[in-house]
Amino acid sequence: MSGPPPRPPVSKFDRTSRRLVMNYVVAGLCGASVLVVLYPLLDIVYTAFIQGGGVLFQAGFLTDTQPPPCSAISCNTVGIGPDIEGTLIMVGLASLIAVPLGTFAAIFASEYKGRGLGRAISFTADVLTGMPSIIVGAFVYTYFVLYAPTIELSPQVIIPSAIAGALALAIIMLPIIVRTTEEALRIVPNSIREAALALGIPKWKSTLRIVFVTSLPGALTGILLAVMRAAGEAAPILFTAAGSPYYAQNLNQPTAALPLLIYTFALSPSSNWLKVAWGATLFLLIMVLTANIIARLMIHRMAVRMGRI
Amino acid sequence: MNPVTHSPQSPYRRPRPGFADFSRRTVRFSIAVLEGRAPLERDSLRRSARTAVDDLTEYLKVAQWSEAGFYALTGVAGVAVLVVAVAVAAVLAEGAQASFHAFGFGFLWGKIWNPNPSVNVFGVVPFVDDTLITSALALFLAVPLALGSAIFLTTQAPRWMRGPVGTAIELLAAIPSVIYGLWGLYVLHPLMEKTVEPWLQKYLGWSGLFGGHAVGLDILTAGVILAVMIVPTVAAVSRDTIAAVPSAQREAALSLGATDWESTRMALLPYARSGIIGGIILGLGRAMGETMAVVMVIGGRDAVPTSLLSGGQTIASLIANELVSYQTTLQVSAILEAGLVLLLISLLVNVVARLLVWRVLNVSTGTME
């Protein structure tokens with residue numbers, strides 16, 4: 001009777017070393033993938049500095065109106081003033097709508113979550129953050145062009161205009177504010193709520209004056225992130241604000257915006273417009289990246305303060 | 001998350017007089033008067049009225065009204081979020097009616113998009129194809145990189161490195177899409193046209209995927225730029241879910257003599273699987289809806305793609321390119337119907353992803369997608 005065939009002699013060292021080699025190979029691949037992932041970030045910042053640095057720090061670049069198109073080497077390359085102004089106007093208006101609405105919705109979703117509605121709201125907000133931004137633009141455009149004139153009580157807004165653009169941006173900002181504020185409220189320890197209630201403070205007052213104030217750094221961070229996101233979005237305002245080469249005279253006319261300027265100028269053949277586009281890109285990049293780094297630091301500090309890390 | 005929840009109605013139940021006390025006392029007093037137990041005279045009335053008024057002021061002061069008011073205020077804001085979601089879908093659907101009446105469900109498998117007024121036939125297939133192909137390419141390129149980064153950040157990187165590198169990866173998500181477009185147009189485009197695409201044609205040309213001329217503004221380039229854009233989403237969610245795996249899982253594997261990679265493969269990844277899949281689907285959702293960067297590099301060709309190197313048009317880029325510069329009104333309606341298709345696909349994808357991620361983390365993840 002023959003037993004099972006003898007195993008081929010595998011020395012323990014071989015197997016271990018194979019496993020170790022595998023381990024190091026994977027470690028190397030993981031490290032390399034981080035480098036590959038970070039390369040575009042570095043390259044975008046680098047290219048923006050090389051291409052746009054000279055223009056951005058020119059006198060008047062941030063205040064003058066855009067130059068006429070031209071392709072010679074010594075072309076005039078000032079200004080993105082109207083675009084900065086338009087972005088400020090629209091993002092400001094959008095914040096006026098989205099910040100109170102989003103904050104209250106977040107308070108509802110976080111503090112009254114015992115009822116199903118709160119959960120539904122936070123889930124919807126979560127799903128809305130994934131809604132394509134071009135859809136928001138198409139929605140606002142379609143509503144004001146096709147339906148607002150036929151609905152009696154609906155506000156009539158001229159398309160394209162700063163108001164319509166601001167509405168679209170508000171829809172972009174709303175779910176972001178809801179989500180971040182809700183999260184900030186959620187990491188406020190429950191003992192704080194209970195202490196307030198134990199002192200006999202009404203729930204609404206403790207929510208507003210104690211819980212919300214405690215979460216304020218987080219909520220402000222969310223607003224900052226939402227504002228930056230809105231400032232960089234081109235898709236929702238592509239039809240609703242449409243861009244313009246002039247300073248805005250009122251809110252009901254086509255309005256310039258930084259992302260729109262970058263989009264239009266990037267596709268234009270004139271070399272000075274391309275330079276302006278890179279200058280605007282560098283400006284926007286610096287704003288967005290700085291704000292995001294500040295926001296992350298604030299989130300981290302708040303998490304530390306709440307004893308979460 | 002919150003093991004100890006306070007009951008929403010706790011403080012008002014007990015000592016303070018509420019509306020019920022006030023009305024009960026009023027009724028009791030009225031009955032007493034009717035039965036003749038309380039004399040209906042000045043003093044008695046005054047005493048009763050005073051208690052009643054005291055009760056009422058106390059009651060109003062004590063906040064049931066402000067409580068209800070605050071609840072209503074925040075509730076209205078919350079419902080507004082729901083209304084926005086419904087309104088977007090409703091308005092697009094309303095706008096798509098003409099197209100739906102003209103083509104019915106044939107729109108969904110129509111392969112021809114011809115806005116020429118004499119033809120005026122629209123089908124969404126070319127755009128759905130391009131949307132799916134670019135997103136699939138993006139996932140194909142981004143998922144291994146994102147997973148590698150997530151594993152690096154959770155298991156290999158020294159502690160001081162995790163914060164800054166993690167933040168840097170998340171910063172990629174913060175860069176506006178139009179800036180990716182500009183970068184794609186002026187950095188990626190020449191690279192793809194001169195180096196990558198000829199190389200692919202030479203060595204992978206047999207696969208039939210890379211026919212036609214290498215122009216650099218095509219589906220492949222759009223896929224690459226989408227990959228760059230969704231890496232942070234996938235990486236952040238994967239990192240969070242891997243970090244949420246109880247460390248005992250990994251330690252158990254290590255104590256049995258597993259190497260770092262083996263413990264990751266056998267203990268961490270299976271445990272975090274549904275969260276990772278959720279992150280991948282979130283990335284998919286982002287890739288499908290991305291507009292500006294795609295518009296700038298995809299080349300705008302309204303036909304079913306024949307090769308990865310042919311120009312294309314995703315649904316998002318279709319809306320951006322044609323919603324305002326239309327040729328026929330039916331085209332507008334068809335574009336809105338295509339938008340509705342995109343909205344529904346991306347809502348579905350997001351719902352699935354959120355459910356998967358929520359189940360794992362029980363809190364939502366990234367603050368920025």
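Reader: What share of the contacts in chain B with a separation of 6 or more comes from residues 24 or more positions apart?

Author: In this predicted model, such residues account for 76% of those contacts. Chain B has 15 helices and two strands, and buried residues make up 45% of its 369 residues.

Reader: How do you know what confidence the predictor has in chain B?

Author: The pLDDT, which runs from 0 to 100, averages 83 over chain B, and 82% of the residues score at least 70. Residues 11-15 of chain B have a pLDDT below 50, and beyond near neighbours in sequence this stretch has four contacts in the model. Residues 363-369 of chain B are also below 50, with 28 contacts in the model beyond near neighbours in sequence. For the complex, the predictor gives an ipTM of 0.89 and a pTM of 0.84.

Reader: What makes up the side of chain B that touches chain A?

Author: In chain B, 84 residues are in contact with 90 residues of chain A. Helix α3 (residues 64-95) of chain B gives the most to this side, with 19 residues. By class, the side of chain B that touches chain A has 54 nonpolar, 23 polar and seven charged residues.

Reader: Why is B:Leu185 called buried?

Author: A residue is buried if 20 or more other C-beta atoms lie within 10 Å of its own. B:Leu185 has 21 C-beta neighbours inside 10 Å, so it counts as buried. B:Leu185 is in helix α8 of chain B. Leaving out residues up to four places away in sequence, B:Leu185 touches A:Ala266, B:Met296 and B:Val297.

Reader: Why is helix α10 (residues 258-266) of chain A described as largely enclosed by the rest of the structure?

Author: Eight of its nine residues are buried, and the description follows from that count. The buried residues of α10(A) are A:Leu258, A:Pro259, A:Leu260, A:Leu261, A:Ile262, A:Tyr263, A:Phe265 and A:Ala266. They pack against α2, α8, α9 and α11 of chain A together with α8 and α13 of chain B.

Reader: Why is A:Gln156 called exposed?

Author: A:Gln156 has 9 C-beta neighbours inside 10 Å, so it counts as exposed. A:Gln156 is in the loop between α4 and α5 of chain A. Not counting residues up to four places away in sequence, A:Gln156 touches A:Ala148 and A:Pro149.

Reader: What makes the peptide bond from A:Ile159 to A:Pro160 worth a remark?

Author: Most peptide bonds are trans. The bond from A:Ile159 to A:Pro160 is cis, with omega near -5 degrees. A:Pro160 is in the loop between α4 and α5 of chain A.

Reader: What makes the phi of A:Ala242 and of B:Asn120 stand out?

Author: Most residues other than glycine have a negative phi. A:Ala242 has a positive phi of about 70 degrees, and the phi of B:Asn120 is near 55 degrees. A:Ala242 is in the loop between α9 and α10 of chain A, while B:Asn120 is in the loop between β1 and β2 of chain B.

Reader: Are A:Ala242 and B:Asn120 buried, exposed or partly exposed, and how do you know?

Author: A:Ala242 has 21 other C-beta atoms within 10 Å, so it is buried. B:Asn120 has 15, which lies between the limits of 12 for exposed and 20 for buried, so B:Asn120 is partly exposed.

Terms used: Residues are numbered from 1 along each chain as its sequence is written. Chains are lettered from A and ligands numbered from 1 in the order in which they are written. This is a predicted model: local features need pLDDT of at least 70, side-chain atom pairs count only at pLDDT 80 or more; totals for chains, interfaces and linings use all residues. Two residues are in contact if their C-beta atoms, placed from the backbone, lie within 7 Å. Helices (H or I, at least four residues) and strands (E, at least two) are DSSP runs, numbered from the N terminus. Ala, Val, Leu, Ile, Met, Phe, Trp, Tyr, Cys and Pro count as nonpolar, Asp, Glu, Lys and Arg as charged, and the others, Gly among them, as polar.
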